[in-house]
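This briefing is meant for someone meeting the structure for the first time.

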Amino acid sequence: MTHDRRSFLKLAASTAAVTAATTLPQFARAQAKKPINIGFIALTDCASIVMAQELGYFKKYGVEVNVIKQASWAATRDGLLSGDLQAAHCLFGMPLSVYTGIGGPAGKELPIAMILDNNGQGIALENSFKAAGGDPKAAGEMIRKLVASGKAPTFAVTFPGGTHDIWMRYWLANAGVNQSKVGIITVPPPQMVANMKVGNMDGFCVGEPWPGVAVQQGIGFTHLTTQQLWRNHPEKALVLNKEFSARRDEVKAVMRAVLDASAWLDSLPNRRQAAKVISASKYVNASADVIEGRLEGKYDMGGIIGNKQFLGDQMMFSRAGQTNLPRHGHAIWFLAQYVRFGLLKTAPDYQAVAEKLIMDDLYREVAKEAGLKVPNDDMATVKTTIDGWTFDPKNPAAYIKAHPLPS
């Protein structure tokens, strides 16, 4: 056994009590009849799922889990709908997109059990935009000139109506760009860098480590992180197959394990260990150094921006339970963006869709057992960082009317 491996196991053991969840003998452990398949995509924010497996937290709570790498978000969606996957590391927006028919069969339910992380995604631009640095308005001016010259750029996102899709469209609107004048294509996260390298797109929005890898390989720079767009936004979620969501004891056991791993990950020394683990080819398959730097909030943004530090608003997995509550108001924000950006032609019943997909009652039950305080902001207003706009989930129509898109 190597020294690094011994150190990792020692660290895992010493942090097993990092949350109150680990000291509750009264917890009724689930006894699953067969392994639970949990899907993940090769992104840094799969870490809480992977580390729950690697640290033995799933076994601790009495469930046997297979952690299974997926090729794309569409494959993840299909696995959840078919039941090949019981749960998955998933875009927070995916269940909303599928249910409304943007990114899947309308009316199909993929319940959201908890949020896995905040922040930590990025918009990367190729080097011809380098002069714009981190200024969306300057980037927008460059894009409009390209459009006017008949050379409209193409930007890649990872799933229609997913978080990266909405961050990209939101950024374009903030930059003063009419989204209908540029190309927006869908590319799986691990394929982003290779596609930009051969000129298939001029920029992309995706989770780490891929914006960092683009910098490392010298093909682009990180123009904007998503925490600069909306600080502590919801990003990935633990999303369930509909039938599996009824198996509450097993779902709760999975959630308890992930909560433990989330708390473990929010200790910076543990992140260095996690970066080594998830960098492996069976997980993210990227440089541990790039993963570690951005997990710690130490960004080489590339281009003319250079080094930038994020403290407390880099990718966060727990924030003492502030991260993990799935909020109805956040779901309504995404649904409102669908209407604003024309992905939905008519407004949905915002509250009804959020109520159908958000399993906040289950999360509250699990959090209580884990000794975690549940935030009291389920329907609070949202203030986006990039523009200072306030969104009231009780009145999405007023927000949409007040913020027309660039012509």
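**A first look at the chain**

A320 is placed in the loop that runs between strand 12 (307–309) and helix 14 (328–340). The model is a predicted one, and A320 has a positive phi of about 55° although it is not a glycine. A320 is also exposed, because its relative accessible area is 59%, and exposed means over 50%.

**Overall build**

- The protein chain contains 17 helices and 14 strands, and its C-alpha atoms fill a box of roughly 65 × 50 × 35 Å when taken along the principal axes.
- Of the 407 residues in the protein chain, 59% are buried.
- Among the contacts in the protein chain with a separation of 6 or more, 78% are between residues 24 or more positions apart.

**Surface and charge**

- The accessible surface of the protein chain comes to about 15200 Å², and 50% of this surface belongs to carbon and sulfur atoms.
- The protein chain carries 44 positive and 35 negative side chains, and the centres of these two sets lie 1 Å apart.

**The nonpolar core**

- The largest nonpolar core has 128 residues, and the members that touch the most other members are M51, W171, F204, L238 and W333.
- Helix 11 (residues 248–265) gives this core its largest share, which amounts to 10 residues.
- In soluble globular proteins, nonpolar side chains tend to be buried together.
- Leaving out residues up to four places away in sequence, L238 touches I49, A87, A88, P111, I112, A113, M114, L116, V254 and M255.

- V206 has its place in strand 8 (residues 203–207), and V206 counts as buried because its relative accessible area is 0%, where buried means under 20%.
- Apart from neighbours within four places in sequence, V206 is in contact with L43, Q121, G122, T158, H164, P189, M192 and P211.
- V206 and M168 are 38 residues apart along the chain, while their C-alpha atoms are separated by 9.2 Å.
- T76 lies in helix 4 (residues 73–82), and T76 is likewise buried, with a relative accessible area of 0%.
- When residues up to four places away in sequence are not counted, T76 touches I41, Q70, L85, A88 and H89.
- Between T76 and M94 there are 18 residues of separation in sequence and 9.9 Å in space, taken from C-alpha to C-alpha.

**Backbone features to look for**

- Most residues other than glycine have a negative phi, and most peptide bonds are trans.
- The peptide bond that joins E208 and P209 is cis, with an omega of about 15°, and P209 lies in the loop between strand 8 and helix 9 (210–216).
- N232, a residue other than glycine, has a positive phi near 65°, and N232 is found in the loop between helix 10 (226–229) and strand 10 (236–240).
- N232 is buried, because its relative accessible area is 16% and the limit for buried is under 20%.

Key: Residues are numbered from 1 along each chain as its sequence is written. This is a predicted model: local features need pLDDT of at least 70, side-chain atom pairs count only at pLDDT 80 or more; totals for chains, interfaces and linings use all residues. Side-chain values use heavy atoms; hydrogens and water are left out. Helices (H or I, at least four residues) and strands (E, at least two) are DSSP runs, numbered from the N terminus. Buried means under 20% relative accessible area, exposed over 50%, partly exposed in between (1.4 Å probe, protein chains only). Contact means heavy atoms within 4.5 Å. Accessible areas come from the Shrake-Rupley method with a 1.4 Å probe; for residues, only the protein chains shown count as cover. Lys and Arg count as positive and Asp and Glu as negative; His and the chain ends are not counted. The place of a charge is taken as NZ of Lys, CZ of Arg, CG of Asp or CD of Glu. A nonpolar core is a set of buried Ala, Val, Leu, Ile, Met, Phe, Trp, Tyr and Cys residues joined through side-chain atoms within 4.5 Å.
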